[in-house]
Amino acid sequence: MSKNIKPKSVVREWVESILVALVLAVVIRSYIIQPFKIPTGSMRMTLIEGDHLFVDKWTYGPQLLPPMFWDIGFQENNPLLSVRWPQFLLPMTKMRLPGLRKPHRGDIIVFVYPVDPTKDFIKRLIAVGGETVQIKDGAIFIDGKEVTDPRIKKTYYYNRGDYGAEGQTVHVPPGYVFVMGDNSGSSYDSRYWGFVPETSIIGKADFLFWPLDRIRIIQ
């Protein structure tokens, strides 16, 4: 071994270790699993404000390029710096890597809010593309048949909004899903603003890890 080769400095080793850790953290968060905090009571009592959970991205297949909306610093309610993907990369945020399966009725999903892409929402998937949805006497009817899945049946759903009025049958377009909160009386969901593109689904809420007394698999 050449005597001219100098060992790495302690500082350099620390910097390299930190950089590797950061890269791994970004990859894991972007393509495998992502932590998420429940901000509102729209999913009570399944999930309550302050719950921390893991969102599994691999089941449905992660987005090829996860959306990026970073606002840094604010002055008079305006961000000092907004970081976004360049326009030519945006089509890649609509593409997905292969997953294990498609989203199913009853899954609790996290998705990019269609009205404001800087926000993520969490709701329960009620219907998929090609199906019809009707809310009648607090129950969900898909293609004219009442849903008996206990995860959905346990909730009384109210007739509200432009897409959930009494007597209204809604057709879900192909490539979209219809979602609602378990706390139907206090949930701003598909009944009001419509459908979620499948390409906007971030992942499936699988495991509640905080607070400790609420640790469990999410159903």
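This is a predicted model: local features need pLDDT of at least 70, side-chain atom pairs count only at pLDDT 80 or more; totals for chains, interfaces and linings use all residues.
Two strands count as paired here if DSSP finds at least two bridges between them.

**Sheet**

I looked up an open sheet of 4 strands and read its order as β9-β8-β7-β10, with antiparallel pairing. I marked β9 (145-146) and β10 (169-171) as the edge strands, since each pairs on one side only. Next I checked the contact of β10 with β7. Strand β7 covers residues 132-136, and its antiparallel pairing with β10 runs over 3 bridges. Within this pair I found Val-133 opposite Val-170 of β10. As background, I recall that strands of a sheet pair through backbone hydrogen bonds, in either a parallel or an antiparallel sense.

**Arg-191**

I then turned to Arg-191, which sits in helix α3 (residues 190-193). Is Arg-191 buried or exposed? I have Arg-191 down as buried because its relative accessible area is 0%, and the cut-off for buried is under 20%. I looked for a polar partner of the side chain. A polar atom of the Arg-191 side chain lies 2.7 Å from the backbone oxygen of Ser-184. Leaving out residues up to four places away in sequence, I listed what Arg-191 touches: among them are Ile-135, Tyr-158, Arg-160, Asp-162, Tyr-163, Phe-178, Met-180 and Ser-184. Gly-161 and Gly-164 are also on that list.

**Trp-58**

I located Trp-58 in the loop between β2 (52-56) and β3 (69-75). I class Trp-58 as partly exposed because its relative accessible area is 42%, which falls between the 20% and 50% limits. Which residues does Trp-58 touch, not counting those up to four places away in sequence? I found Tyr-31, Ile-32, Gly-99 and Leu-100. I also checked Trp-58 against Asp-107, 49 residues apart along the chain, and their C-alpha atoms are separated by 14 Å.

**Whole protein**

The secondary structure comes to 3 helices and 14 strands. The C-alpha atoms fill a box of roughly 85 × 40 × 40 Å along the principal axes. Of the 219 residues, 38% are buried. Among contacts with a separation of 6 or more, I noted that 62% join residues 24 or more positions apart. The accessible surface is about 13000 Å², and carbon and sulfur atoms hold 61% of that. For charge, I wrote down 27 positive and 22 negative side chains, with the centres of the two sets 6 Å apart.

Terms used
Residues are numbered from 1 along each chain as its sequence is written. Side-chain values use heavy atoms; hydrogens and water are left out. Helices (H or I, at least four residues) and strands (E, at least two) are DSSP runs, numbered from the N terminus. Buried means under 20% relative accessible area, exposed over 50%, partly exposed in between (1.4 Å probe, protein chains only). A polar contact is a pair of N or O atoms within 3.5 Å; within protein, one must be able to donate a hydrogen and the other to accept it, and residues adjacent in sequence count only if both atoms are side-chain atoms. Contact means heavy atoms within 4.5 Å. Accessible areas come from the Shrake-Rupley method with a 1.4 Å probe; for residues, only the protein chains shown count as cover. Lys and Arg count as positive and Asp and Glu as negative; His and the chain ends are not counted. The place of a charge is taken as NZ of Lys, CZ of Arg, CG of Asp or CD of Glu.
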